[in-house]
Amino acid sequence: MSPKLKKRLRLIIPLALAVFFGWYTFSKLPVSTIIPFVKSANYWWIALGVFFGFLSHLSRAYRWKYLLEPLGYQIKLPNSIMAVFITYLANYGIPRSGEVLRAAVLTNYEDVPFEKSFGTIVAERIADLLVMIGIITITLVLEFDFIVELLQKSFQPRKLILFGSIGILLVALVFMIIKRSQSKFAIKVKSFFNGLVEGMLSIFKMKYKWAFIGHTLFIWGMYVLMFYVTTFALPDLDKVSIGAILVAFISASFTIAATNGGIFVYPAAVMAAFTVFGIAKDPSFAFGWIMWSSQTIMIIIAGSLSFIYLPIYNRIK
């Protein structure tokens, strides 16, 4: 393959991926249901919610630098920002594929070993999980009865316990086999996980621990705030309680983690949470789509630009 063709493919392939993800995301949007509410919505509140979401992503990109610094890597902020937006865009196509691409960006453009870069991403997720647990705890205190009712409708505890137990046993079995094996494949796997663990442990070696904690709280504060202010866009939701907003936020967050960026199920999760609190079905469903669509449009634009500009930026520098 000629160098010119390689350069062209590096520009064309990201653009094609961006177009595909955008088409796939909006191909089945339930227009007839949400159009009346979209027409009557206050777009200033929607724009403010998008702005808060954008700030959270910038903060996430900057926070990543704190985890990489103890490993001896000083990455360029533009690369970190573009990697974060590429992550979110890619997750709309294949769940969790974005984290792999994000680590790959640093491997390709910042010479950070993939396993170490990926390890810091896992460390990030652990910190995020702790904050999420805190939000869930606060919400449980405020709206315990409603949350229990919602979980009973959405999940079957016996199946969760059964599949969880099977999963743990399989992981333990694979771990024991690899640990005892001296094959080339096992050695490569062990080497990969050693780098992964090193990346995860970087959270305890940071020089700026409080800055990392501050960014983590800021990120999640922006998440909740973007959800909260967007409710003001619809007159039908002017009396939504903080408890209802937190329950809907938690439900919607789980759909993003478990699916392609929450596509199709995010609005349904919001509706299910709001209707438990006696809020009408149609405006709840419409809000879920407005909330999800507005943030998705921002991700598609920023992620597409990142896909395109990333190789150009690193070639120019």
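Residues are called buried under 20% relative accessible area, exposed over 50%, and partly exposed in between, with a 1.4 Å probe and protein chains only. By this definition, the buried residues of helix H12 are Tyr266, Pro267, Ala269, Val270, Met271, Ala273, Phe274 and Val276. The model is predicted: local features need pLDDT of at least 70, side-chain atom pairs count only at pLDDT 80 or more, and totals for chains, interfaces and linings use all residues. Residues are numbered from 1 along each chain as its sequence is written, and side-chain values use heavy atoms, with hydrogens and water left out.

The protein holds 13 helices and 0 strands. Helices (H or I, at least four residues) and strands (E, at least two) are DSSP runs, numbered from the N terminus. Of the 317 residues, 45% are buried. A contact joins heavy atoms within 4.5 Å. Among contacts with a separation of 6 or more, 77% link residues 24 or more positions apart. Accessible areas come from the Shrake-Rupley method with a 1.4 Å probe; for residues, only the protein chains shown count as cover.

Helix H12 covers residues 265-276. Its expected span is 1.5 Å times one less than its number of residues. Just after H12, Gly278 takes a positive phi of about 85 degrees.

A nonpolar core is a set of buried Ala, Val, Leu, Ile, Met, Phe, Trp, Tyr and Cys residues joined through side-chain atoms within 4.5 Å. The largest has 71 residues, and Trp220, Phe227, Val270, Phe274 and Phe287 touch the most other members. Helix H13 (residues 281-316) gives the most to this core, with 14 residues. A second, separate core has 6 residues, including Leu67 and Met206. Beyond four places in sequence, Phe274 touches residues including Leu237, Ile245 and Phe287.

Arg60 lies in helix H3 (residues 43-68). Arg60 counts as buried because its relative accessibility is 1%. Leaving out residues up to four places away, its contacts include Glu124, Asp128 and Tyr223.

Ile126 sits in helix H6 (residues 114-142). At 40% relative accessibility, Ile126 is partly exposed. Together with Leu129, Leu130 and Ile133, Ile126 forms a nonpolar surface patch with about 380 Å² of accessible area.

Technical notes. Patches are made of residues with over 30% relative accessible area and no salt bridge: like charges are joined within 9 Å, nonpolar side chains (Val, Leu, Ile, Met, Phe, Trp, Tyr) within 5 Å. A salt bridge is a side-chain nitrogen of Lys or Arg within 4 Å of a carboxyl oxygen of Asp or Glu.
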